[in-house]
Each structure stands twice: as structure tokens, then as C-alpha cells.
Amino acid sequence: MADFSELSIRGRVATSSDTDWDEARQAWNLAADQRPEAVALVESADDVSKVIRFAGENGLKVTGQGTGHGAMALGPLEGTILIKTERMRDVAIEGEKARAEAGALAEDVAGAAGTEGMCSMPGTSPNVGVVGYTLGGGLSWFGRKHGWACNRVNAIELVTADGEPRTVNAGSDPDLFWALRGGGGGYGIVTALHVELLPITEAYGGSLALPAELTRDALRVYRNWAAGAPEEVSSMVRMMNLPPIPDVPEVVRGKKFLQIAACCLGSREEGERLIAPLREIGEPLMDTFDQVPATGLTRIAMDPEPPVPALGHHSLLNEVTDETIDAFYEAAGPESDSPLLLAELRQLGGALARPDDNGGALGKLDAEFVMLGIGMLMDPAMKDPIEAQLDKLADALKPWMAEGGYFNYAERPCDVDAILPPETCHRLAQVKRSWDPDNLIQANHSVALATA
């Protein structure tokens, strides 16, 4: 057994003998029961190097974690040191670029960029880690216009399996740089990202909460509206079933309803015009659409911010027909007695579907929508019913399912070959074999070396 007292870093190494062990090993997703050999709360790339070298010398593996939003997909951590980067949160802005350390949150980057009149690629959560979100793809409110966040990365600082700190880019290490951007991780422990920003200071965004009885018809109206929306518009629709807890706005607390959230790049007038057809669906319970500072876009979907216990499942959809809507509604709608918190359809297309000549392993997604189901595991007894409902939802949509998936929505353990095309997985396996032949570095979704 490794003697962790010999591992001296600027940060801290926590083990099961520590009184705060449960806190140290906990992920943001409280449903994840992480049981690593130790947790390294690192504060620098040098700390990461020391941990990786220690792991190699003691027959252990390592895995990196910024927040743990996607921790349910990580799997067992026996024989693994969990490297938490949450103490590394520095963000620096230089012109139209940002350097963000591995523990930085989306709101950290947004705030720093906003002071310079710039914006990152905002998603739906302010407290998701910038590394996990970005390198997992980064499905942004600007995505249909500006593509995947992972393809706006121009350099990556990391420590590879040999314990060496490196900065890689398209010129220095093209294959590794390609793999890191959307390839599922496991090629190194990232310590900082260098990303391109956008000169955007505000957009028109928000959400409508519509009464549950309007859901079936509203889904069709939304589908038709989304099909004609320009690429400046990114949107989602969710069938919601919120618990009666204080953090939820009173008007929707403990209620089932339909949420339509969207972001429109441009002026208030343009946004009002584009959203107008949605407001004609019916009298909303809540309407938060307004011109929003770019720093506030991560909150327009009202995703939970405190840590929560969540189970999820997803799939890509080639199309959403009337029959798709009926199946979606019947599997998780307000009349289904579904225990899920939400069942979501998020629009893809636009730049998200076009190949990026300078892109990484995730260059595009050939699908119209991504479906996501989430259940809140507030009671351990609900695990099986929630998982069964997630399976039911996915099975109901199988006739319209596209191949592959999207990393940041892949809440269940699976290999990379379940998400990315075979030719991409083959190249990823070659990169993994070149940089980490002993498979020392673990990831939420691993590439199978047998495909190389």
C-alpha cells in the first residue's frame, strides 16, 4: 500500500484516515460515491506532476476533476488518486484570449472576460468547471452561430503520464492537441486552457414557463419555430417537474410545466421579434426574456447551482416529428407520472453540425437535437424507478435516434466508441497509446486501446 505521507505537494493530500475524507472525495453530483485511494487537492502544475510521478512509482492510476458535475460516468476509483483542481481558479484576459486554470468555473471566466468587453462560450450552468465543459465539447448558447467551445481552444497546459508539464497547440503536438479537444479525456491532466473569446457584451435571452396542459401543443409549436430560427438563436425545451423546495421560484415550485429557454444574438428588438411566436402559445407562468449581460447567460435556463444528487441519460435525435413529440410526451410528460426532474430536447444544427477545419476530435454532431433526461436522487429508494424511467424515455425515442452521443450529457459510464465515430476512436487510441501506453490516466469515458 502506498505511503501518502511521502507525497509532498503545495496543496493537500487527503486520505480515508482524515476526518474530512467524505467532504474531500465528494463530487458536485452528490449521487456519485467516489472512493479513490486518496484525493490530491492540487494548487499548481508542479503539484500535478508530483502526484502523477508518485502514482506511477506506486502502481496507482490518476484521474482529474474540476467540479464533478459528470462524476457518475467516472466509474470505480479503486487504485486511483483523484486529482482535484478546484483550488486552481486564476483567470487572465489578454486581448481576445483568456487563460483559465483547471479549477476555474464558467462564471469565473465570464466575469473576467466581461470586464474587458468580451465573452466566453456560455452554457447553462455558471458553476460548471471550464475544463470539463470546454474539452467535453462545450454546447453553448452561442453554439449554432460559433460552433463547439472545444474548437475555440488555441493551447492547452497539461501534465502527461510521464509527469512532464507541457503546453500543446496545433503546431507543437497536433495529434495530442486534437485529441484533447472533444476526445473524452485520459491523455493528460489539464492544468490550464487558452481560449479565444468573442466581442459580445449582451444578448436577448431567458425562458418561458408554460402551464402543463399546454405541453403537447407547445412542443409542436416550439419544434416548428426552432426549425425556422436563424443560427443566431440557440434554444431548448424541457418538460419540468420541480420539487417543492425553497430554491425554486414560488410560481413553479412543486409544479409540472413546460420550459422553453433561448438565447438570441443581437438587439432587444431582434430578440423580441424572434421570440414573439413562442409568447403566442399561451399565458406563461413566468417569462424572464430580456436583454441580458453576457455574464448572466449561464443562468437563463435556471439550472441548479448548489450540489445535487442527479441521475441522467441522453441520446441524439436525427429528427423530431409529430410522432417523436408524442413518444417524448407520453414517456415523460405531465400525464406520465414520471419521477424525472426534467426531460429536455436541445437544438443542435448550424455551426454545431458543420466540420471545423481546425477542430478537435469533436468537429461536429450530425443530429438535430440532443435529448437529456435527469432525475434527482433525493431518496436512495428512488434510484431504480429513476433509472427505469430514463431507460423508458430513451427507448421511446429509439426510432429517431442518431448514432453516437455528446460527452457532457453522457451521465452513464460508457467508452468513447459509444460516443464518437470509429475512425475518430481509432486515431484517439493511437494518441492514448503514444502518450499513456500504461493507461495511468483515467477519464470519465475511456478510449479502448484495442481500436488502435
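A search of the whole structure, a predicted model, returns 6 aromatic pairs. Rings of Phe, Tyr and Trp (its six-membered ring) are paired here if their centres lie within 6.5 Å; planes under 30 degrees apart count as stacked, over 60 as edge-to-face and the rest as tilted. The rings of Phe4 and Phe54 have centres 5.4 Å apart and planes at 40 degrees, so this pair is tilted. The pair links distant parts of the chain, 50 residues apart. Phe4 sits in the segment before strand S1 (12–14), and Phe54 belongs to helix H2 (residues 45–57). Helices (H or I, at least four residues) and strands (E, at least two) are DSSP runs, numbered from the N terminus. Phe4 and Phe54 are both buried. Buried stands for under 20% relative accessible area, exposed for over 50%, and partly exposed for values in between (1.4 Å probe, protein chains only).

Tyr222 and Phe369 form an edge-to-face pair, at 6.4 Å centre to centre and 65 degrees between the planes. Tyr222 lies in helix H7 (residues 215–228) and Phe369 in strand S17 (residues 369–376), so the pair ties together parts 147 residues apart in sequence. Tyr222 and Phe369 are buried. One aromatic cluster is formed by Trp148, Tyr406 and Tyr409.

Residues are numbered from 1 along each chain as its sequence is written, and side-chain values use heavy atoms, with hydrogens and water left out. Because the model is predicted, local features need pLDDT of at least 70 and side-chain atom pairs count only at pLDDT 80 or more, while totals for chains, interfaces and linings use all residues.

Charges also sit over rings. The criterion is NZ of Lys or CZ of Arg within 6 Å of the ring centre and within 35 degrees of the ring normal. Arg181 lies over the face of Phe177, 3.9 Å from the ring centre. The charged end of Arg427 sits over the ring of Trp178, at 3.9 Å from its centre.

The structure holds 33 salt bridges. Each is a side-chain nitrogen of Lys or Arg within 4 Å of a carboxyl oxygen of Asp or Glu. Arg166 and Asp162 meet in one of them, at 2.6 Å from N to O. Arg166 is partly exposed at 28% relative accessibility. Asp162 is also partly exposed, with a relative accessible area of 42%. Another salt bridge joins the side chains of Asp326 and Arg216 (3.0 Å, N to O). Asp326 lies in helix H9 (residues 322–332) and Arg216 in helix H7, so this bridge ties together parts 110 residues apart in sequence. Asp326 is partly exposed, at 23%. Arg216 counts as partly exposed at 28%. A network of salt bridges links Arg216, Arg220, Arg223, Asp322, Asp326 and Glu330. Asp366 bridges to Lys364, with the closest N and O atoms 2.6 Å apart. Asp366 is exposed, with a relative accessible area of 54%, whereas Lys364 is partly exposed at 31%.

The largest nonpolar core has 63 residues. Such a core is a set of buried Ala, Val, Leu, Ile, Met, Phe, Trp, Tyr and Cys residues joined through side-chain atoms within 4.5 Å. Trp148, Ile156, Leu348 and Leu428 have the most contacts inside this core. Helix H6 (residues 174–180) gives the largest share, 5 residues. Apart from this core lies another, of 42 residues, including Ala226, Ile281, Leu340 and Ile386. Neighbours within four places in sequence aside, Leu348 is in contact (heavy atoms within 4.5 Å) with residues including Leu139, Trp148, Leu316 and Phe369.

Ser120 is found in the loop between helix H3 (106–114) and helix H4 (130–135). Ser120 is buried, at 13% relative accessibility. Beyond its neighbours within four places in sequence, Ser120 contacts Val109, Ala110, Ala113, Phe142, Leu197 and Leu198.

Strand S9 (residues 189–196) is mostly covered, with 6 of its 8 residues buried. Strands are paired if DSSP finds at least two bridges between them. Strand S6 (residues 97–101) runs antiparallel to S9 and is joined to it by 5 bridges. Strand S7 (residues 153–159) also pairs with S9 in the antiparallel sense, over 6 bridges. Ala192 in S9 is the bridge partner of Glu101, and Ala192 is likewise the partner of Glu157.
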